[in-house]
Structure formats: C-alpha cells, structure tokens
Number of protein chains: 2
Amino acid sequence: MRHRDPVLMGPGPCNPYPEVMEAYARPVLGHLDPDFISLMDEVGERLRRVFQTTNQLTFAVSGTGSAGMEAAFVNFVGPGDTVVVGVNGVFGGRMCDVAARCGAEVIRVDAPWGTPIDPNDLLDAHPSPKLIAVVHAETSTGVRNDLATLGAKKGDALLLADCVTSLGGIDLRIDEWGVDIAYSGTQKCLGVPPGLAPLTVSDRALAHLRETPQSWYLDLNMIAKYVTGGDGARAYHHTAPISSLYGLHAGLGALLDEGLEASFVRHQAVGDALQAGLVERGFELFAAEGNRLPQLTSVWVPEERLPSGTTEADVRRSLLLDYGVEIGGGLGDLAGKGWRIGLMGHTARMRNVQLLLASLDDILV
Amino acid sequence: MRHRDPVLMGPGPCNPYPEVMEAYARPVLGHLDPDFISLMDEVGERLRRVFQTTNQLTFAVSGTGSAGMEAAFVNFVGPGDTVVVGVNGVFGGRMCDVAARCGAEVIRVDAPWGTPIDPNDLLDAHPSPKLIAVVHAETSTGVRNDLATLGAKKGDALLLADCVTSLGGIDLRIDEWGVDIAYSGTQKCLGVPPGLAPLTVSDRALAHLRETPQSWYLDLNMIAKYVTGGDGARAYHHTAPISSLYGLHAGLGALLDEGLEASFVRHQAVGDALQAGLVERGFELFAAEGNRLPQLTSVWVPEERLPSGTTEADVRRSLLLDYGVEIGGGLGDLAGKGWRIGLMGHTARMRNVQLLLASLDDILV
C-alpha cells in the first residue's frame, strides 16, 4: 500500500515537526544509558519552560494524554475525597469518570457546551474540596476555560488542569496561575506524534501524593525515582519509551527555538484566519466569542452549502481522500452537524488554512 | 552531542530491526484514518500469529510492558478476588504489587531465584482461585517457567502469563497451553523500541471482564470498541500512538517473514553460543539447567578475572563506553556480583556474541 500523507487538521494528531521525525531515527539507547538520562533531563527542562513552571517533577508519562489524565488523578485522589470537576465538553466528562474510579465523591459542575465555565460556579460548588479539576482547552468544543481565577481563589484545594490541547498553543502559566497538577499530550500543539503525556506537579501537590496509588504503572512515588533521581541514583521503574522521548525532545526544541510567545502568535494568526474564512463562507462558529481557541475551531456546517444528497461526513471523507486534508467531526450537539478543525503545532501554518478553504470552495455549493 | 549506537545486549531494549526504524518515518495518519485502521487490524492479525492464538481481543496496549501487566490485572481482578502469583524473580513480585492494588487477596508462591516454579505448588496454593499468574520468562533471572502444565490443570481459574521476554524468542502457545491473559513488551524479542505492550485475552477471560475497572485508560470494555470495532464502527477511546504502531507492525513483519520457528532456533543458537563461551571463560550460569532462557543469560562474574581494583560495574561501564556494548547488572543475589545479558530480536545475532566475548577477553585478566 502506498503511503498517504494527509495534512492533519483534525482535533489531533497534527503533523509532526520535521525535526521530530528525524529524531525518531536516532539509535536506540538503553533506558539507563548516561546519554539517555541526559536527554531525559533535558526533556524535563524543556517541559518546564513550556509549562512555565519550576516544578521539579515535570516529565513525560509513558502513555497518551489520557494516561496523563489518569496519572493526575490516581496519585492524588482516593476513596472519599471530594473532587469538583467542571464539565463543558467530552474531556470534563472523562475526568469525572476517572475521578469516580479512584473512589472520589465527584461534584460535577456543568456549563453548556460551547461556553466557558464560570470559575465561581466551581469555587462555590463545595466549601472545601480536596481538588478542583477543569479542562483548559476543550478539544470537543474549541472553548478555553479560565485557570487564573481558579488558581487565585482555590484556597486549600489543589487545582488540576487538563492542558492536552493548550500546551504550546496558547498561554499557559502553571506557576503564576497556581495550577498544581497539569498534563498534556504530545500530538497537539507540541507537534509530536501521539504517545506521551507531559505532566507537571507542584511541591504543594506532592505533599498530598498518595502512598500507594491504585495504579502501579502511574505511581509517581516510584516514577520520580527514575525521572528525577533525587539522590543521583536512577531507580528503574519501567522501560522508558526511548524513541518517543527522542521525538518529544526534538519537538520541544523546535518550539523553544521558535519561542513560546511566537508560537502563540502563530497559532492565533492562523486560527483567526481560518475562523474569518469560515464565517465568510456561511459557517457559524460554535464556541463563545472571547473564549475561542485558535488551535481548535468548532463550527456548524451550513446545510444549504452541502452538495445535493451528501452529508457533512461525505464532505469530510472527500476532503481526506480526494484533497488530502483531515478534519474532525463534531461531538455532542455538533455530531453530524458540525466540524472540529485543528491548527496545531507544525500544522498551524497559513498554507494549511489556504488549502482547506480552497478545498471547501471546490466541494461546497 | 554525537549519537552513540551501542549494541544493546542488556535485559532490554534490544536493537530494533532496520525495518522498524524505517517504519517510524512513515507519515503520521489520524487514529480514525481508514489506512491506519487497516494497519491496526494487521497488527492484531500479526500478533495473533506470534502469540499462536485465535483470540479476537489481541492488540497493543498504549504503554510499556508494565502497562500490559496492569491492564491484565485491573480488567479481571477486583476487591476480594483470590489471586495466586508465582514469584521467582522481580517481575513475579511486581505482579503481587499490581494485584494487591486491585484489592485482590494475593497468595504468593515463592521459588528460589534462578530456579523455575513447580506448577503444582501454584495449583496447590488455593482450591479455587480466581486467577493464577506467573511469569513465562523471568528477565531478572533468565529462567523459564512452565505454562503448559498450569494451563492443563488450572480448572476454573484464569491463567495469566507475563510474556514480556518470551514472545518471539521462545515457543509460546497461548491457545494450546490454555493461557487466558498474556501480555508482552515490544523492546525484547520483537525487536522494536519500547513503548507498547501486546496483549491477548481469551473469550473465556472476557466472560470475567470487570464492568468498571479501576483504570479508565486501560479499560478493555472501551478499548475493544476501538481496536476490534465489533459492529464495524470504531469508537474513539484514546488517541493511538500512531508511529509506535507503525514500528510494531514492521517488527512483527520482520519476525513473521523470518518465521516464528526460525526465530526460536536463532535465539537458541546464539544463547547456547554465549553461555558456552561464558562458561569457558570461568563464568558460572545462574539459571537452573533445563530452564535457561537463550535470550536472557544470567551469570556470576568470576571475581578473580576482574582487573585489579575494579568492580563488575566498572567492566560494564567500560563495555558500554569503550567497546559500545551494553549489558545489564544483576538483581537480587546477583546485584554487584553478576550480569544479565540479552540476545533478543535484532540483537540475537552471532556477531554480537563474538563481539561481547572478544571484548571480555580484552578487558578481563
């Protein structure tokens, strides 16, 4: 079978930076090789810069973004703990499920999909929760939630943030905003294939680290002895995914060479251009103005513009197979009626906006 | 920093097949792209051939071998379930830890490190356990445990096997031997970088699948809807690690092109040659005769052959940095006194045996 190479404008994965693909080709080293340990340390340093944190325990979990979510909960939440979770999309709902499986009392605070959650609704939901959790950038709706207000007013609670779709694409200040636990994924604005989940944990949160989390694989007590060493010795926990870490190292390098701020500006510029182009073509944006993500655009598809007898899914299929452009279907109310279009990492380039809009002009009536 | 490319003769990772590194360079596809779904289906077919099973639920868990271990337990074991675990090395002990975190009553059956576990000791440990678990090839000692007898006599119990170091290197017959749940890792005899955990589950085990496992990330109820589809539709669970799956697909292709039986013969031939060469040089083999793994050799290092003032760790460091050969240190009784030498996957070649023995002749006195 020939290799297709679609432009990945779905909700993730994006196209990886060329430097990342190059890094995959590096010779595999052992997980205790001194050069690999150095590389892992550099990954930690680079992640700290991208997360804008000084948290020592900052590393890539050996699993996808969802493994990051699970690591964020199982290490800090146990039976009987009260957890307030904001839900305005799929991933907030998933956090409720994960927290409940840890035995937590979950207080779910809903906001309509497409709108941000009012931080005060989360803060008022319980007088003294163990933890407040919210998704920074909802991949299912294209909405940004406010972390800074939560961090400023959280009191004794820990603040946990899903930053899968935000990290590297929009401003995210772990320390300044008072986020205690945050995780991300590599396949979004970091421009790396899926497979790893960057995670950062504040010292404040570490004081609440469970002694024996229900997950052995994600147990931070043990993982920390490998990734940060502590007394200098590195205790083996599980075999690190070497080649994927080479890829992440290179992707973070590409991002930091560009500069965080420059990356945010680039993501904003292409997102603005796409959203303007879609509105011009009769699409209605789904996410509330003022909280729209540039890197993930959700839209209602104008039915009258679909070629006769076709559905939005037919158009997406044609975009993929005839035009070489992948976009994502809608979720929730948007299912069958809307799209989610990603402009993340290496995909966040004006030429991709132009390609998609030109392809739509070709297909739509 | 220049790239070093050591020959990886530790307990894993091994050197990947060239075809695998080539596969990493393939363009990234979306996790719902039809071509990627086809590739994932092919990975399942290839894994079934390598596991020697017809189990439909056979796929690669998105994590390392230890994630496979956790997936194998959390989906089938819950509070109060009785689990018999054989322990004759590190990984048997790890299974006890994982099972206990699921709330299981763990009955631990020990055998001395370096010797196999008597299957009857496991069968006699409890009259009606929910599950019996054992490591097929103990990476910490180089010993093979007997699965066939356990499978034949297990009765109503489920048989769970850790096949991280065995899969692809020595005979492993999931269906014929009656193994219900088995997992492996990519970085051993499959000749692929670390990062994925092949898993296979019998229909008999699926009847015991927990409705809500404590892990969301490893919940087989949900993962099965993505990897096997069932009614044809693929429900998204988490974003698959695309590039790693390309690598596994290629590694399994290399193995099956060679032929399973031919791979076993190759692993046996190089293991025999290495073990004979080490004995000739005054090393004493640690694993009991008759149950020695060819792909993982554990030896006592003859102290009198170490250069004056050096330790076994100094020799390993010199092998790595001066000769470009990585081997592993000992664990348990072997710590500081012995080595573990892997010949797995692409590393299992006679030229690597010759290189290591010649390097040792150069270093030792």
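Reply: Contact here means that heavy atoms lie within 4.5 Å, and by that rule 56 residues of chain B are in contact with 56 residues of chain A. This is a predicted model, in which local features need pLDDT of at least 70 and side-chain atom pairs count only at pLDDT 80 or more, while totals for chains, interfaces and linings use all residues; side-chain values use heavy atoms, with hydrogens and water left out. Residues are numbered from 1 along each chain as its sequence is written, and chains are lettered from A and ligands numbered from 1 in the order in which they are written.

The size of an interface is often given as the accessible area lost when the parts come together. With buried area taken as the accessible area (1.4 Å probe) that two parts lose on being put together, summed over both, chain B and chain A bury about 4700 Å² between them, and 60% of this is on carbon and sulfur atoms. On the chain B side, the residues that lose the most area to chain A are B:Val28, B:Arg101 and B:Trp216, which together account for 16% of what that side buries.

Charged pairs also span the interface: counting a salt bridge where a side-chain nitrogen of Lys or Arg is within 4 Å of a carboxyl oxygen of Asp or Glu, there are six between chain B and chain A. B:Asp33 forms a salt bridge with A:Arg4, and the closest N and O atoms of that pair are 2.8 Å apart. Over all chains the count comes to 34 salt bridges. Within chain A, A:Asp180 forms one with A:Lys154, at 2.9 Å between the closest N and O atoms. That pair links distant parts of the chain, 26 residues apart, since A:Asp180 is in the loop between α7 (174-177) and β9 (181-183) and A:Lys154 in the loop between α6 (148-153) and β8 (158-162).

For the helices, elements are DSSP runs numbered from the N terminus (helices H or I, at least four residues; strands E, at least two), and axes are lines fitted to C-alpha atoms, for helices over the stretch in contact, with angles running from 0 to 180 degrees between N-to-C directions. In chain A, helix α2 (residues 34-51) and helix α10 (residues 242-258) pack at an angle of about 40°, with their axes 10 Å apart. Angles under 35 degrees count as roughly parallel, over 145 as roughly antiparallel, 65 to 115 as roughly perpendicular and the rest as oblique, and α2(A) and α10(A) are therefore oblique to each other. The residues of this contact divide into 13 nonpolar (Ala, Val, Leu, Ile, Met, Phe, Trp, Tyr, Cys and Pro), three charged (Asp, Glu, Lys and Arg) and two polar (the others, Gly among them).

Some backbone details remain. Most residues other than glycine have a negative phi, and most peptide bonds are trans. The bond from A:Gly12 to A:Pro13 is cis, with omega near 0°, and A:Pro13 sits in the loop between β1 (7-9) and α1 (18-24) of chain A. In chain B, the bond from B:Gly12 to B:Pro13 is cis, with omega near 0°. A:Gln52, in the loop between α2 and β2 (57-61) of chain A, has a positive phi, near 55°.
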